[in-house]
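Here is a short briefing on one protein chain. Keep the sequence and the 3D view open as you read.

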Amino acid sequence: MTSMPASERLGSHLKRAEQALNATKTAVLKPAGVTVAQYAALLHLSDKPGISAAALARLCGVTPPTMNTVLKNLQDRGLIARTPHEWHKNILETRLTDEGRAVLADADARAVRVERALAAEFTDQERDALAALLARCVSVLEEQRPGTP
């Protein structure tokens, strides 16, 4: 027997919620032809055109090698264009193509329906409290991570 029952472990509840959100978004994004990671990349690229792959990886919460795979797949489909930076030739700037913007519009409409349904389950005060509680979770977990300043 362990010193803490599984039902009392907040991490288990957080993981189940994250898995449910990811599974639902995976299902709703499938008709748009993108994965959750590809959608996240397209979404951030729409806000920050020209961003580097490393910076995009940080925004999407994935490793740089994973982001390079995501970007290669998006580029192969013609949804993004990658060109050398004007001054830093070793850095590729990434931008959405017209086709990428169209796919993003479809995918975003689908993802927003999920986000709105989730938000509708809570009052404004509950949503604010949940966001604050989750931010506290992130803070304490980052403090507990070995090797972080």
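From the N terminus on, the elements of the chain run α-α-α-α-β-β-α-α. That makes six helices and two strands. The model is predicted. Start with the whole chain, then go inside, then look at charged pairs.

**The chain as a whole**

- The C-alpha trace spans about 55 × 40 × 30 Å along its principal axes.
- The chain has 149 residues, and 23% of them are buried.
- The chain exposes about 10300 Å². Carbon and sulfur atoms supply 58% of that area.
- Take the contacts with a separation of 6 or more: 48% of them join residues 24 or more positions apart.
- There are 19 positive and 17 negative side chains. The centres of these two sets lie 5 Å apart.

**The nonpolar core**

- The largest nonpolar core holds 25 residues.
- Which of its residues touch the most other members? They are V34, L42, L56, M67, L71 and L74.
- Setting aside neighbours within four places in sequence, M67 is in contact with A41, A53, L56, A57, C60 and V62.

**A buried glutamine**

- Q38 sits in helix α2, which covers residues 36-47.
- Is Q38 buried or exposed? Q38 counts as buried because its relative accessibility is 9%, and the cut-off for buried is under 20%.
- What does Q38 touch, leaving aside its neighbours within four places in sequence? Its contacts are G33, V70, N73, L74 and R77.
- One of these contacts, L74, is also among the core residues that touch the most other members.

**Salt bridges**

- How many salt bridges does a search of the whole structure find? The search finds seven. Three of them follow, including one in helix α1.
- *E18 and K15.* Their side chains meet in a salt bridge, at 3.7 Å from N to O. Both residues lie in helix α1 (residues 10-29). They are three residues apart, about one turn of the helix.
- E18 counts as partly exposed because its relative accessibility is 42%. K15 is partly exposed too, at 45%.
- *R101 and D98.* The closest N and O atoms of this salt bridge are 2.5 Å apart. Why are R101 and D98 separated by about one helical turn? The reason is that they are three residues apart in helix α5.
- R101 is partly exposed, with a relative accessible area of 43%. D98 counts as exposed, because its relative accessibility is 62% and the cut-off for exposed is over 50%.
- *R127 and D124.* The side chains of R127 and D124 form a salt bridge, with 2.1 Å from N to O. Both lie in helix α6 (residues 124-144). Three residues, about one turn of the helix, separate them.
- R127 counts as partly exposed at 30% relative accessibility. D124 is also partly exposed, at 48%.

Notes: Residues numbered from 1 in each chain as written. Predicted model: local features only at pLDDT ≥ 70, side-chain atom pairs only at ≥ 80, totals over all residues. Heavy atoms only, no water. Helix = DSSP H or I, 4+ residues; strand = E, 2+ residues; numbered from the N terminus. Buried < 20%, exposed > 50% of the residue type's maximum accessible area, 1.4 Å probe, protein only. Contact = heavy atoms within 4.5 Å. Areas by Shrake-Rupley, 256 points an atom, 1.4 Å probe, with all protein chains shown as cover. Lys, Arg positive; Asp, Glu negative; His and termini not counted. Charge placed at Lys NZ, Arg CZ, Asp CG, Glu CD. Core = buried A, V, L, I, M, F, W, Y, C linked by side-chain atoms within 4.5 Å. Salt bridge = Lys/Arg side-chain N within 4 Å of Asp/Glu carboxyl O.
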